[in-house]
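Trainee: I am new to this structure. Could you help me learn to read it?

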Amino acid sequence: MSEAAVEQAALGWFESAGFSTFRGPEISPGGDDPLRGSYEQTVLETRLEAALVAINSHLPDEAIHDAMRVVTRPPEPTLIRNNRWFHRLLADGVDVEYRTPNGDVRGDKAWLVDFDEPARNDFVTVQQFTVKAGNQSRRVDLVAFLNGLPIACVELKDPTDERADLWTAFAQLEDYKATIPQLFLYNELMVISDGLLTRLGSVTSGRDRYAPWRSLLEANTESGSALEVLITELFDPPALLDYLRHCVVFEEDQQSGSITKKVAGYHQFRAVRKARRSVTEALRPAGDGRGGVVWHTQGSGKSLTMLMLAGTLVTDPALENPTIVVVTDRNDLDDQLFGTFASGRALLRQTPEQAIDRDDLAAKLNRASGGVVFTTIQKFESRPTPASERTNIVVLADEAHRSQYGFLQGGARWMREALPNATYVGFTGTPLERDDRSTRAVFGSDVDVYDIRRAVDDHATVPIYYEMRLIRLAPNEAGMAAADRQLTAIAEANREGKSPPADVTVPLELLVGSQMRLKTVAAEIVEHFEERRTAIEGKALAVTMSRQIAMDLYDELVELRPDWHSDEDSEGFVKVVMTGSSSEGERVAAHARTKARRERLASRFKDPEDDLRLVLVCDMWLTGFDCPPLHTMYLDKPLAGHNLMQAIARVNRVFGDKPGGVVVDFLGVADELRDAVQTYTQAGGQGTPVARIQEDAVPLMLRDFESLRDFFDGVDHADFVSATSEEQLTAVASGADHVFAQPEGQRRFLKLVASLSKAFALCVPHPEAEAIRDDLVYFQSVRAAIRKRLSDTVDRGVPDARAAVRQVISDAIAAEGVIDLFEAAGLDAQNVAVLSEDFLHQLAMMPQRNLALETLRKLLNDQIRIRERVNLVQAKGFRESLESVLTQYTNRAISTAQIIEELIALARFVRETIESGKESGLNEEELAFYDALADNESARQVIEDDTLRLIARELTERIRAKSSLDWTERETVRADMRRTVRRLLAKHGYPPDAQESATRLVISQAELVARHLAM
């Protein structure tokens, strides 16, 4: 299967979804049916105008033209701001004014899309769509247009080409954004695929935010390729319009002003559609008011799903401008969720409101229609009459558990009495207990489930690993037994959502917060976190039992590491995040912060490059707080049930190549964790909620280590870390030589080191991890050296700020952490690119023969790739020579010493051929045509060399005059080119029997240059 085959299949699926399809050259300037006036233009304006007229038949021509003018003249200075501006027009229409026949000025909306009748819209997919910006041009594989607007870009790759993977397609889209930004002003969806693997992202998505797409029809089964599923289901017109209107959100960081565009994953879109249907069916009086439960595991975007559901309910005509009430059980969660909705208010088409107190809540609920109201469950109170008896009120309850809401008595009961005719939808990141009949009685059955197994498989979350490092609470057995009873009592109260009695918490806090114990806790955190930071960069959260303990632990930490402290919020390695007031004393005032100051600290903590690495909390940031770089949690607080699962899920967010999150338990919550896992399993959840480092991660690390140790069997590297610089250089060169001596050595080696590095990052500072640290330093040093000089592929790793897994290479190895392989082998790398005679001689004398062979192969391959862009015949000859020599070596027909000689001879030939071309008096393009003409032996015999040069110059001039963007895709232009070449060859007496093959070769050479220019 080729990339062209994937492209053709995709076009067929677009056609089956209801799209018209065109080839780019057909609709471009000079084409058979041009739909745009220039290659710089990305909007198909004739189709846009036709759609506007059809959709807005009530508007006069002047209003249509006004809407056209607005849409095609983006007002903002940056791509993403224009993209947000356009999306608002797409979703909400264009404001226009026009004069009525009687002279009045009237305001109205010109809709770009008919969301109610999908068939009235125009859906088009264009293949090989070329766009020009300045003197650069790029050709996109597929562009999908909605009413003439380019709303989706699809970049495809050959599934059989190892070098052209999904991330090659991603890199191309990134290049297109930088080179032809006007195409992306209107973009809603970015798709990358090789036909088998397919991912969806937005115009701001990084690598780790391109998500797999699975079928919306069946939650756990797949049929057909992922690309087919995405096109036939998501680009089905009704589904596409639903998605664009309700599942696209822009978030602007209030500190930096940066804008992130978020688009729904398949599980979010599926849940929104299913929950909307469930709500409309449950509406009273015909329904029972139970809208169902959405169980989406923590970290998979549940808050965003709630926002998108609210947005779709607001516009649903069946609900007649509903009131949406969002209920949580905690003030900080209420604030966080409110922040998500406030940033997405464009989707809600109104500004959400937060109830201040019980009276304010009652006032906000007493309205005729509309509104999005946030409240905690505690603000509901017993009242003699309902706050509202309307049926178009929808309550979205976050973490809808019996223990949180008290359905038999308290807030949840009063909520139902205050809103007796509302429809209730429950959201949860942890499953409901099987005996939780009261929660089911309010919300109903599961509407959609997205469990841990699927989330990890989709890379929507990363796995969580648990490690117990118990720090004793009492010096003797009797004291420990009493402490265990207190822990059990607190866990039970936690599980039931009740506050534990003071006669239990007070003595336990004294034990947990004793100065001697906190000194031990602080020492453990410092040692553990510093060791982890050598292998994985990111953040850590320490969870304490009280504000007092958090402050005391801070003091112990900064006593050990004074440079971690700063009085300024904008500086410092460690901070305490808690509430409080100055009236509680200077010490509390030093750590307690206002909401605005806490938000600034949160921004620092979420920034992977900020030096705020460790935060101490008591109750805050344990639910609803997303910090992707957070990879370690130190747990020193008794938690149980879904409170425990919510807290530890803070470390499961995806961030670059982060392999997982680690929870270190100082207090001993293993039993509570086991109970929570059992609840998850009994509820039907698949996958492992929490793995254990000792039982799961360490064995995987040791398995990877053994594989690498076996791979390097016979290579002595035991003293690598303590060796001198000269000895380290020799060891790295020997290691690289060994890698290239193995079958598929480089590919296998790089894969093994990547796997071991991730496993090590999870396990460090476990003793088994420390035992292999020096070996990993050597393996990573060899890998880094190979990547720097001899990797066949461009390093497509994530940007540095999102590269969590670090090189475990000390400064003693090399100042920049990477040993230069050429230096290690004694090579002068100054004239590598030109394959100088001195460099070739050094290669010939290298003792590491496999390394010399691989170096020659790589450098020759690079030279040939460069020539393939400019000279077809020359590169073909070089390639055939290289493959012939390599085949002989693979078949054991020649020895390593012989192949090195052969490759050095080929390198000299390549160098001399390129140099002779420069001395020929022909430029690169003319020389390429000369080589195409001289490729025929009979032609060389009957035509003088000067005549061939003359023909080459004339060909270059004629073809340049006739070529234009996309000419290679237009058969009429190609036919004219062929006629021109034939006439020129006949004019100069080129042998008739060789003219046809020479014509084909010349045209192929011209197409090669054109393709390179369009990249």
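Mentor: Gladly! Let's start with a term: a residue is called buried when its relative accessible area is under 20%. Keep in mind that this is a predicted model.

Trainee: Is His296 buried or exposed?

Mentor: His296 counts as buried, because its relative accessibility is 1%, under the 20% cut-off. His296 belongs to strand β12, residues 290-296, and its side chain makes a polar contact of 2.7 Å with the side chain of Asp448.

Trainee: How many residues of helix α24 are buried?

Mentor: In helix α24 (residues 641-648), 8 of 8 residues are buried. Among them are His642, Asn643 and Gln646.

Trainee: Now for charges. What should I look for?

Mentor: Side chains of opposite charge can pair when their charged atoms come close. The structure holds 59 salt bridges. One of them joins Asp398 to Lys302, with the closest N and O atoms 2.7 Å apart. Asp398 sits in strand β16 and Lys302 in helix α10, so this pair ties together parts that are 96 residues apart in sequence. Asp398 is buried at 3% relative accessibility, and Lys302 is buried at 11%.

Trainee: Which helix holds both Asp976 and Arg979?

Mentor: Both lie in helix α39 (residues 971-987), 3 residues apart, about one turn of the helix. An α-helix has 3.6 residues a turn, so residues three or four places apart point the same way. The side chains of Asp976 and Arg979 meet in a salt bridge (3.7 Å, N to O). Asp976 is partly exposed at 24%, as is Arg979 at 39%.

Key
Residues numbered from 1 in each chain as written. Predicted model: local features only at pLDDT ≥ 70, side-chain atom pairs only at ≥ 80, totals over all residues. Heavy atoms only, no water. Helix = DSSP H or I, 4+ residues; strand = E, 2+ residues; numbered from the N terminus. Buried < 20%, exposed > 50% of the residue type's maximum accessible area, 1.4 Å probe, protein only. Polar contact = N/O pair within 3.5 Å; in protein donor to acceptor, adjacent residues only side chain to side chain. Salt bridge = Lys/Arg side-chain N within 4 Å of Asp/Glu carboxyl O.
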